[in-house]
Amino acid sequence: MLFERTKIIPGEVSYTNIAQILNSKYLRELIIELINDAEESHSSFQSFFQLFLKNPEKTDIAEKYDIEQIVQLLLAISANTLQSLDASSYFSFPKLVPYRQILTLFIENTFNLWRSKHRFMIKKDPFSENPKTRIHKQITLVKNNYDLKSLVLETYRQILINVSDKRTKILRQLPSGAQANFILDKIDFEPQAKIHNADFIYNMYFVWSIILEPPVIFYTRSNKRSGLFKVVDKPILHKVDIKNTDEWLVFPIYVHTKLIYVVVHKEYFALAAGLANLFEFANFGTLNSDKPDGIYIFGIDKSFFENEKDFNGIIYHEDDGTYVGLVGNDPSVDYFGYMKKMILTIHNLLVIDEGRLPIHGALAEVKLRDKTSYNIMLVGDSGAGKSETIEALNRIREQVSEVNIIIDDMGSLDILEDGTVVAYGTETGAFVRLDDLQPGYAYSTMDRSIFMNPHETNARVIVPYSNYEEIIKPTKIDFFFYANNYEPVDENHEVIEFFEDIDKALKVFSSGTRIAKGTTSEKGLTHSYFANPFGAVQRKDKHEKIARKYMEAMMENGVKVGTLRTQLGINGFEEEGPMIAAKTLLNYLKTNNQNNKDFRNEDFLKVSL
C-alpha cells in the first residue's frame, strides 16, 4: 500500500489547542500507515493494534480497525495517566498499563513518522505591492507555523508524560511543523500575457513567497539523473488537460532574464522548495502582463506520454516559440537534478535560438592579494572538477584574497559591440555534492541550505551564494578552460595547455570527454557534446556554428583558451588533482601578472557599466 509522503497544512488556521492535532486527518493517516506497516512486517505492534480490531474479515485498514477509538484513546491520555484510565469506569478502553512500553513506542513512532513526511504549510493570501503588507503576511504565516510546531511538541510530550512512568529530563525542540511555507495567489492575466492552449495553468495558484524553516532536509526516492531530454519541434499544450488543478502550484522564476513557469504536482513540492535557493523568483506584480518564455510541468501522469520512456523528460516547441518541458510522475525522477536540469535546458534552447552560446560550466572571479583579479571559466560536465578546483583556489589563502562564484553550473556567453566576450549566469545558488564542499562548509550554512538525502552516496545540498543583480550583469571572461578530469599530469600532459588553433580547441571542447563520477547514471570514460547535454546536443547543428563564432571572438580579443587538468577522475587524485590545478593556475597568474593587467575585471566594469 502506498502512502502519501507530502502533507499539506492549511496556513490560514491558528494552532492553539491540542484537540486540533488529535482530531486532525493527519493523525488518522499516520495511525493507518503504522498499522499497515505492523501487519506487513509482523512487528510487535500487532499485539497492541489487535486490541482495536473491529472487522477482521476486512482488508482495508480503516475498516478493519477502530481508528476512531485509537484517536479517542490518545485524546484521553492527553489529559489522564494510564493508571487513571484503567481505574476509571467512565472509559471503555482495554486495560493499558500492561502495554505501557509498546504504547510509548507507538507514540514515539507516530511522532517520528510525522517528522519523516514532507511538510508544507500553504496559505492563499493576495499579493500586495506594499512591502510592509507583504512582510506582515509572511510573518503571520511564520507565526502560524511556529504555533503548529509548539502544539505538536506539546501534544507529543503531554501524552508521553501520561504514558511513561519515567521523568523527562531532557527536552529536544525537534522540527515538527512545516519545513517550507508557500503563500499563493491567483493572477488576472492580460490577454497578451497568456499562452495559447494553457488555460489549465491560469486555473492554478501561483507562489509569490516561500518561507523556509531550517534545517530543511528532504529524502527523495532517487539520487541520480539519467538520459537526455529529447526535444520535439511541435506543440503539446493543446493535449495537456490537468483536471485536479488544486493539487498543483505554479512557481514563476527567472533563469537569467527568461521567465519560466514551473508547474509542480504536490508530490514533488520538496523539489519545488529547492527552487528558492537556486533561482530568482519572478516579480509577482508584473506577471499579469509578462508572457513566459518556457513552461515546465513536473509530475504529470505517465499515461500522458506517447512513448513510455519520455516520462524521464521531454521538451516540446510551441508554434509561438515557447518551450514546454514535461516530466512524469515516477519514483525514478524524484531527484532535484530533474528539476534543475530541465529548467536549464529550456533556458539553453532559448539562448541558442538567439544565436548566443550556452555554457555548462563555472565562472569565478579570483581576487589575488596583489590586488589583481581574473575571471576564470571552467567548462565541463558533472564531475569534471570545476567546483573542486574553484574550492581549492579559495583555500590557498596566502595568495588568494577571495573567490566570488558568478556562475556555478550553467550560463551563457554574449559578444558586445566592441567584440568583448562576456558571460551571464542563471542561478543564484548551487546544487552540489556534499563531498565536493570543504569539510564542514555545508553545516556552517545549515541555516540557509536545503539538504537532499544526506545519508546516501551523491548526497546533495542547495546553497544560496549570490544575488540576482550580480548574475545578470555582463562579466568579462579572462580564461576559458576545458576541465579535463581524465588525463594524468606527466611528461606528455601539462596541468595547463593553451590553444592557439581554433580547430584544436573546438575538438577538445566538443568531445566533452570526462570520467563520470557517479553523479548521473553514466560510468567510466564518457563523451558529451561540448560537455553540455542540456540543449547543445539537441541543437548540435546550430550550436556548432555559434561555438566557432564565439571561440574566434575569444581568441581575437585576448581571452586565454585552454585545458586545465583537474585529474579528479583519476584514482588517488580526487583531492590532490584539483589542488595541483589551482596552484599551477595561481603560479601562472603570478608569473604573467604584468602581461595580464588588461584582464582586470575592475577596468572592464568601469567601461561597460
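Start by selecting His42, which sits in the loop between helix 2 and helix 3 (45-49); helices here are DSSP runs of H or I with at least four residues, strands are runs of E with at least two, and both are numbered from the N terminus. The phi angle of His42 is near 55 degrees, a positive value in a residue other than glycine.

Before moving on, a word about the model. It is predicted, so to speak of local features takes a pLDDT of at least 70 and side-chain atom pairs count only at 80 or more, while totals for chains, interfaces and linings use all residues. Residues are numbered from 1 along each chain as its sequence is written, and side-chain values use heavy atoms, without hydrogens and water.

Now colour by pLDDT, the predictor's confidence in each residue from 0 to 100. The protein chain averages 92, and 94% of the residues score at least 70. Select residues 596-609 next: pLDDT stays under 50 there, and the model has 28 contacts (heavy atoms within 4.5 Å) beyond four places in sequence for this stretch. Where pLDDT is low, the predicted coordinates should not be read in detail.

Which residues of helix 2 meet helix 5? They are Leu27, Arg28, Ile31, Ile32 and Ile35, and their partners in helix 5 are Ile67, Glu68, Ile70, Val71 and Leu74.

Your next stop is Pro215, in the loop between strand 4 (205-212) and strand 5 (216-218). Show the peptide bond from Pro214 to Pro215: is the bond cis or trans? The bond is cis, with omega near -5 degrees.
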